[in-house]
Amino acid sequence: MTDLLLKYFRTKQQEVQTEKVYDTQCPFCSMQCKMQLIEQSIVSRKTYKTIGKDNPTSQGRLCIKGMNAHQHPFHQDRILHPLLKVEGEFVRITWDEALQHIKKQFEEIQAVDGHEALSIYGSASITNEEAYLLGKFARVALKTPYIDYNGRLCMSAAATAANQTFGLDRGLTNSLKEIPFTRVIMLAGTNIAECQPTIMPYFEKAKENGAYIIAIDPRETPTTQLADLHLKVKPGMDAALANGLLKVIIDEGLVDEAFVKERATGFEEVRSYVNSLSLDEITEMTGVPVDQMKTAAIKFAEEDSGMLFTARGVEQQIDGTAAVRNILNFLLATGKIGKAYSGYGAITGQGNGQGAREHGQKADQLPGYRLIENEEHREHVAKVWGIDKDELPGKGVSAYEMFQKINDGDITGMLLVCSNPVVSNPNANFVKAALKKLKFLVAVDMFISETAQLADLILPASSYLEDEGTMTNLEGRVTLREASRPCPGEAKNDWEIICEIAKVLGKEKYFPFQKAEDIFNELREASRGGAADYYGITYDRIRKEQGILWPCPDLGHSGTDRLFEETFAHEDGKARMVPVSNTSELPKEKPSEEYPLYLTTGRIMSHYLTGVQTRKSAALAARNFESYLEIHPETAKKYNIEQNTLVSVTSRRGTIKVRSKISDTIRPDTVFVPFHWAEDQNVNMLVGEDLDPTCKMPGFKVSAVNIKPV
Ligand SMILES: Nc1nc2c(c(=O)[nH]1)N[C@H]1C(S)=C(S)[C@@H](COP(=O)(O)OP(=O)(O)OC[C@H]3O[C@@H](n4cnc5c(=O)[nH]c(N)nc54)[C@H](O)[C@@H]3O)O[C@H]1N2
Ligand SMILES: Nc1nc2c(c(=O)[nH]1)N[C@H]1C(S)=C(S)[C@@H](COP(=O)(O)OP(=O)(O)OC[C@H]3O[C@@H](n4cnc5c(=O)[nH]c(N)nc54)[C@H](O)[C@@H]3O)O[C@H]1N2
Ligand code: SF4
Ligand SMILES: [Mo]
């Protein structure tokens, strides 16, 4: 062989051997599994794979979405430079032009329509640093009250109910490591097996250790299959079902009387209301037989320890707050909170569903769970931000209500960061029409989502591989997502984009940040002394201690694994119980002659939210490439629907077309459609605009529909 050839082969061999490893965290759910991207260069072609990395929460596991997470950031559709819409087409422009354009449009809108005409729509898939910065940007740079985020559609009912009941909202009151040792578990409207798959071993261990598991869901799912008892509740009837459970333990003398007396207020009112109810009536309303209610309630109350979990099945209702409160009434009546192996968990949804609801992205909130209408709270945050507290605007409106304000002409400009509201909001046709009325919409995204398609300007965002920052997982554990890959093309981190817009608007002195850690250090101060106190948490500590559960008020504090051991967070230290009516706040839309079936919506294992990311992943898209209608065989027969055929599903608001999936796992009066698809499979065209009056959660889980074969 000639020297030249030898050299060639040696170089090739070296190339083959090149392997780079990048630490990061999964971009999807609240488990925030630690992972590594392995980049192998084979000759000049790069290949990627993702593997799990050990950590206290997911213990090295990954689910199918995590293993394929790298497929979307490397997808050819990734936006790599700013795009301006010119005569209906997106054209490439420079960052400088994009920023000047934003300055011109924002200033013009504020001059003509007022400060409050600009709005921000944020996300719980961004880091704590970015969520914090977006809240500050709205109030300090734009001086607008109108900021809210996609978490409103997600965690708001659970958050409000926990605040009202306990005085504090942290998703899980206990860390996951307690689950294997609890004696009884109730899973209400949560499909952990498909939605937080790497949590499952905690529950499987509990079962191995003899725990009894009760699931409440209108459908059989991989989660209900784990359960010893499945209460197949009618959609939207969880509040009434909880009254049934309360009634059983009151009748059976199983209430923890000492606990409700010492640690709670309001139990006597609950008792006297529940005494007026009949179990047969509750069976009629909920579809759950009396004997099943009895088994579930007695089992839960009798055991020494128990844990109760809710998720969107119970919460995404127009009486979601009340439903969760009543479930918490039941938990409190059994005394199973604030001690070992006993507690509550609202299973958080998005990657940073916990942290992003703590630091000021919500219309009524400032960092650290401070309230924008509380003078002391305003003063604390204004001081950290270097402004006068009177300069801080007041409270804005919820996510969906912003679209109503756009429709009414009160809001004329929007900065949208990391969300796809055309597919994720209820009454999707209205939302789309409203967005088209905006004078100026800027979307910050990795892709041209269905909503970005409507934007005047799209700014290219970074992915989880490129954007370092903290993410607070479902345990309330503040974790540090390392992310060391350079941004592709001209993409930038969301926090950099916010700082650059602030700069062209002349507000750079409030946004001097050079790296995510600088923002975190300001967030620590802003949250200091608040309910979600991060002051004692630093990047160094997170690295050394593998995450810290808040509250963590000082550098010597080790974080809080279990909440409410001595007292609840209300001023008097007690939890609040209130009677929740069986009848007054029922879902407004009930099946009728014209729309005879309940429609409920939710998720499947292989896709994530509006699907913008997972539909780009070949491996995940191959598992489910289109939406479907889960329908009971009896119902299918009644409507002449055959397996695997197209069905039109119509509500008072619109029609979609999806393929039938006949299965006796669902209630005969209910159909289910996942919400991961867009266009004529966008199920939110069917969902109504009524909101929970307290937390403004839409009723994603109950609509009335009719169906027919296409
Ligand atoms: N694979 C996957 N995982 C995800 C996500 C995803 O899109 N895909 N999204 C993440 C996010 S943001 C979230 S919020 C979580 C959501 O996690 P979950 O809340 O667990 O998911 P859903 O499928 O919305 O709803 C859960 C269950 O509620 C049931 N349900 C429907 N109506 C009712 C009702 O009236 N009462 C009761 N008791 N149950 C009902 C549904 O049948 C469903 O099985 O998942 C996170 N993880
Ligand atoms: N019918 C029905 N509707 C629902 C629900 C339901 O159960 N049923 N669930 C609701 C719930 S719980 C949720 S959480 C919402 C979610 O609703 P959305 O927030 O609208 O959903 P996503 O698909 O996560 O949209 C995220 C967008 O941001 C982009 N993106 C991803 N990462 C980044 C990033 O780091 N930076 C930026 N700038 N962009 C990024 C993605 O490409 C995508 O376009 O949907 C709600 N809608
Ligand atoms: S989707 Fe959730 S459970 Fe699956 S790997 Fe990602 S963070 Fe973990
Ligand atoms: Mo969510």
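Colleague: How do the residues of the shell around ligand 3 divide into nonpolar, polar and charged?

Modeller: This is a predicted model. In it, the shell around ligand 3 has 7 nonpolar, 3 polar and 1 charged. The residues around the ligand include C26, C29, C33 and C63. Cys counts as nonpolar here, and Lys as charged. K65 is among the residues around ligand 3.

Colleague: What is the space taken by ligand 3?

Modeller: The second largest cavity. A cavity is a space where a 1.4 Å probe fits but cannot get out.

Colleague: Why does C154 count as buried?

Modeller: Its relative accessibility is 8%. Buried means under 20%. So C154 is buried.

Colleague: What makes C487 partly exposed?

Modeller: C487 has a relative accessible area of 23%.

Colleague: Which residues have the most contacts inside the largest nonpolar core?

Modeller: F106, F137, Y344, L459 and I501, in a core of 134 residues. Leaving aside neighbours within four places in sequence, F137 is in contact with I120, L142, L415, I498, I501, A502, L505 and F511. Another core, of 35 residues, lies apart from the largest one and includes C33, L187, M307 and F309. C33 is also one of the residues around ligand 3.

Methods: Residues are numbered from 1 along each chain as its sequence is written. Chains are lettered from A and ligands numbered from 1 in the order in which they are written. This is a predicted model: local features need pLDDT of at least 70, side-chain atom pairs count only at pLDDT 80 or more; totals for chains, interfaces and linings use all residues. Side-chain values use heavy atoms; hydrogens and water are left out. A residue is near a molecule or strand if one of its heavy atoms lies within 4 Å of it. On a 1 Å grid over the protein atoms alone, a cavity is a set of points where a 1.4 Å probe fits but cannot get out, and a pocket is an open set with protein on both sides within 12 Å along at least five of seven lines; lining residues have an atom within 4 Å of a point. A molecule sits in a cavity or pocket if more than half of its atoms lie within 2 Å of its grid points. A nonpolar core is a set of buried Ala, Val, Leu, Ile, Met, Phe, Trp, Tyr and Cys residues joined through side-chain atoms within 4.5 Å. Buried means under 20% relative accessible area, exposed over 50%, partly exposed in between (1.4 Å probe, protein chains only). Contact means heavy atoms within 4.5 Å.
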